Amino acid sequence: MAAALTNNNYSKRPPRPNRICFSFAAYAGILIHRLKSSNIIVSDGLSDAEFSQLESKFNITFPPDLRAILHHGLPISPGFPNWRSSSDQQLQILLNLPTSSILRQVSKTRFWHPSWGPEPIDPTRFTSSAWRILNQAPQLIPIYRHCYIPASPNVAGNPVFYVDHGGDVRLLSFDVAGFFEKAEFMSEADGAQDEPVWAAKSARRIRFWSEMAEEVVEGDMAKKWWWRRFKGEIGGCMEGAVWKLRDGGWKEEEIRDMMMVTEGSDDGEEEEKNEKVKVKDMEGMKWQVRVLSMVLLRAGWSREDVLDSLGVVGDEGMEEVVLPILSPNSQ
């Protein structure tokens with residue numbers, strides 16, 4: 001058995017930032033400074049008049065926390081939307097990408113999400129029915145590449161979602177502060193930025209998008225977390241591990257590598273095709289937990305950190321699975 005992870009990639013566990021008091025303006029100023037230190041090109045911030053023009057032209061609203069950042073400075077390096085210089089057509093394409101990507105999957109594969117209600121009886125009406133549902137979903141505002149923040153509710157603390165061209169929707173962070181702290185383009189030279197006290201501690205539920213990010217979707221849509229098919233303690237244990245990894249500063253792609261383990265060959269080497277294990281029962285789930293425990297131990301995590309991250313303390317059934325692996329005799 002082998003995990004889809006190399007120990008070299010996760011040799012150190014990132015420290016959790018402290019929480020201190022920041023106003024939006026103060027936080028935005030520090031963040032813009034860090035972006036510049038990370039070699040991100042930052043133009044003058046958007047003025048109130050520019051915000052009003054954009055919101056009127058595209059029928060959108062910028063949530064207060066993102067607005068404060070863009071007011072202090074406008075990142076314009078590749079991957080960032082240039083709200084000042086890009087053409088109206090370019091900006092409209094960026095705004096439409098999440099819904100158009102999902103509609104493309106509906107059109108090609110007749111994908112239908114369970115939260116959308118009963119599937120249309122007439123197969124030719126899948127796309128039009130899905131469009132009506134998507135048209136009522138909160139507008140997503142692009143932040144960087146495929147990363148978006150909902151425009152509504154128009155309050156600070158909305159989560160950041162990843163929506164790719166294949167229509168895969170993932171929750172990246174609880175809020176925009178968490179997104180920038182973990183972003184791949186941020187330099188580590190200045191260390192982690194202290195977390196503002198107003199930073200979200202859990203993900204706010206966003207109509208439509210939260211459901212898209214959470215449900216198990218089969219078929220051509222990207223696979224979600226394997227434990228979503230389980231109810232109760234199984235899913236809760238693994239879900240808690242994911243959030244603690246995010247809270248510890250791991251990037252989303254790193255977490256997915258750690259949590260998605262693979263079948264190995266008889267000699268213990270990883271399969272070249274990296275074929276994912278299909279967990280069908282409790283025994284399969286326990287096997288996944290064993291592998292994840294070994295991966296974390298080999299990456300330098302302490303026994304206590306592994307137990308805490310997997311949330312198995314006090315759960316006799318899961319402790320029986322994990323504790324033998326954590327025993328010094330098993331190392």
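This is a predicted model: local features need pLDDT of at least 70, side-chain atom pairs count only at pLDDT 80 or more; totals for chains, interfaces and linings use all residues.
Of the 331 residues in this chain, 47% count as buried.

Some overall figures, to begin with. The chain contains 12 helices and 10 strands. If we take the contacts between residues at least 6 apart in sequence, 65% of them join residues at least 24 apart. The accessible surface of the chain is about 16,700 Å², and carbon and sulfur atoms account for 48% of that.

Now to the inside of the chain. How many cavities of 30 Å³ or more are there? The count is 1. The largest cavity holds about 70 Å³ of space. Two elements each give two or more residues to the lining of the largest cavity, namely α3, which covers 64–72, and β5, which covers 140–144. The largest share is from α3, with 3 residues.

You will find D168 in the loop between β7, residues 160–163, and β8, residues 169–173. Is D168 buried or exposed? Its relative accessibility is 3%, and buried means under 20%, so D168 counts as buried. What does the side chain of D168 make a polar contact with? The partner is the side chain of R170, at 3.1 Å.

That is the end of my part.

Note on methods
Residues are numbered from 1 along each chain as its sequence is written. Side-chain values use heavy atoms; hydrogens and water are left out. Helices (H or I, at least four residues) and strands (E, at least two) are DSSP runs, numbered from the N terminus. Buried means under 20% relative accessible area, exposed over 50%, partly exposed in between (1.4 Å probe, protein chains only). A polar contact is a pair of N or O atoms within 3.5 Å; within protein, one must be able to donate a hydrogen and the other to accept it, and residues adjacent in sequence count only if both atoms are side-chain atoms. On a 1 Å grid over the protein atoms alone, a cavity is a set of points where a 1.4 Å probe fits but cannot get out, and a pocket is an open set with protein on both sides within 12 Å along at least five of seven lines; lining residues have an atom within 4 Å of a point. Grid points are joined across faces, edges and corners, and a volume is the space filled by probe spheres set on the points. Contact means heavy atoms within 4.5 Å. Accessible areas come from the Shrake-Rupley method with a 1.4 Å probe; for residues, only the protein chains shown count as cover.
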